[in-house]
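Here is a short briefing to read alongside your model. Take a look at the structure first, then join us at the place where the chains meet.

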Amino acid sequence: MSTQQQQPEEPETQESPVEGEPETESAPEPQQRRLERKRLGQAQREQAEAETEPEETKIHLKVFRYDPEVEAKQEPRFDDYYVPYERGMTVLDALIYARDEFDSSLTFRHSCRQAICGSDAFFVNGSQHLGCKTQLSELEQPVRIEPLPHQEVIKDLVVDMEHFYDQMHSVEPYMKQEDLPDGDLEEFRQSRENREKIKMSTRCIWCGACMSSCNIAAGDNQYLGPAAINKAYRFAMDEREDEEIKEHRLRIIEQEHGVWRCQTQFSCTEVCPKDIPLTEHIQELKREAVKKNLKFW
Amino acid sequence: MSQSYNRGLIEDFGRWKEFSAGMWAWIFHKFTGWMLIGYLFTHIAVLSTAIAGEQAYTNTLQGLEALFVVRLLEVGLLAVAVFHILNGIRLLMVDLGIGLEAQDKTFYASLIITGAITVASVPTFMTEVGF
């Protein structure tokens with residue numbers, strides 16, 4: 001963290017010759033000013049930091065621990081860690097620190113650390129969060145970190161995602177259109193309006209937070225779950241696919257354990273780290289399914 | 001989902017303090033729905049004992065209405081029915097895709113309106129038994 005704050009000065013010196021090239025004579029002045037402003041800003045930031053934060057704040061983590069392979073750890077327990085807080089620290093940062101400094105047996109999934117890979121969804125202080133996207137400053141202490149509920153725990157914070165992936169695959173989450181535009185380099189275009197319509201649904205990162213928060217999915221193992229239905233929405237609403245393919249998709253989601261299981265609790269919409277309006281999409285598919293089956297002629 | 005061990009109430013109602021508005025709306029809607037079904041059957045059962053004639057009907061109703069508990073239950077029934085109606089309208093809107101962003105506010109609104117109507121109904125229901 002501390003190294004990151006010093007960084008702005010370095011690229012500045014590297015950039016300066018490149019930026020100065022087009023107008024060599026007037027270059028030093030704006031650059032000087034820019035550097036001056038940067039130094040000032042840096043000083044202000046450091047001062048603000050010193051004022052707002054006491055030197056050594058510790059974050060109290062309570063982390064769920066369980067390991068079925070070690071006899072003494074088969075009983076689930078909570079371990080306490082006191083992690084030194086740094087500005088901008090996320091739940092995942094704190095967990096990484098705890099693992100690196102205190103207990104190397106602490107197990108959790110993480111990869112990209114920027115809310116794209118979807119590996120690090122945890123149950124933090126009673127609701128599903130993406131570890132790398134959740135600031136510790138926004139949480140109440142002690143921060144209670146547990147594996148996602150309603151999924152089998154493999155070890156510590158690692159849960160079995162197999163069922164979630166099965167549900168995701170069951171809606172055939174890929175473009176099925178076979179009539180492609182003629183010509184080798186022809187683009188397969190989508191209207192701007194249609195892109196806007198499916199935009200939010202394309203953001204899913206398969207983290208499983210919604211499925212874990214869903215009360216219905218917990219009780220009904222066959223229910224597709226919010227993520228899978230959202231995936232179906234993404235393709236069913238895509239105008240580039242033919243009408244027959246859309247009908248095939250609607251047939252999948254309108255089954256007994258499809259969209260009709262949703263009872264609009266809005267739990268999934270509330271926990272989605274990518275802010276996908278899941279309930280809205282499910283409701284829209286319900287309407288589509290009804291429209292498909294209602295024929296007055 | 002299968003569990004390798006029991007996490008107990010952690011996963012379900014043990015976390016009621018952390019439930020969101022939509023979850024509470026769902027729980028209340030189920031609860032009030034079952035209450036109304038329960039009332040419906042009690043209603044049929046009780047009144048079917050009083051169909052022997054006008055006098056029997058009047059006697060039964062007057063006997064019931066004289067009881068403080070029955071009056072209290074009537075206020076409760078009104079509260080339950082009003083919430084179920086208001087939340088039902090809310091769910092209808094959700095199904096039509098209207099105002100999904102305001103779903104929590106509409107839940108709070110239906111709670112407040114239910115409370116107001118219930119309080120306002122107390123003088124009517126409680127005449128002659130305490131009011």
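Let's begin with charge: across the interface of chain A and chain B, the rule finds zero salt bridges. Please keep in mind that this is a predicted model.

**What the interface is made of**
- Polar contacts are found here, with six residue pairs across the interface of chain A and chain B, both partners at pLDDT 80 or more.
- On the chain A side, strand E5 (143-146), helix H8 (215-219), helix H11 (267-271) and helix H12 (278-293) each contribute at least two residues that touch chain B.
- H8(A) provides the largest share of that side, with four residues.

- The size of an interface is often expressed as the accessible area lost when the parts come together.
- For chain A and chain B, the buried area is about 2400 Å², and carbon and sulfur atoms give 49% of it.
- Within chain A, the residues that lose the most area to chain B are His150(A), Gln265(A) and Phe266(A), together 23% of what that side buries.
- In terms of residues, 30 from chain A are in contact with 24 from chain B.

- Ile98(B) counts as partly exposed because its relative accessibility is 47%, which falls between the cut-offs of 20% for buried and 50% for exposed.

Note on methods: Residues numbered from 1 in each chain as written. Chains lettered and ligands numbered in written order. Predicted model: local features only at pLDDT ≥ 70, side-chain atom pairs only at ≥ 80, totals over all residues. Heavy atoms only, no water. Buried < 20%, exposed > 50% of the residue type's maximum accessible area, 1.4 Å probe, protein only. Contact = heavy atoms within 4.5 Å. Buried area = accessible area lost by both parts, 1.4 Å probe. Salt bridge = Lys/Arg side-chain N within 4 Å of Asp/Glu carboxyl O. Polar contact = N/O pair within 3.5 Å; in protein donor to acceptor, adjacent residues only side chain to side chain.
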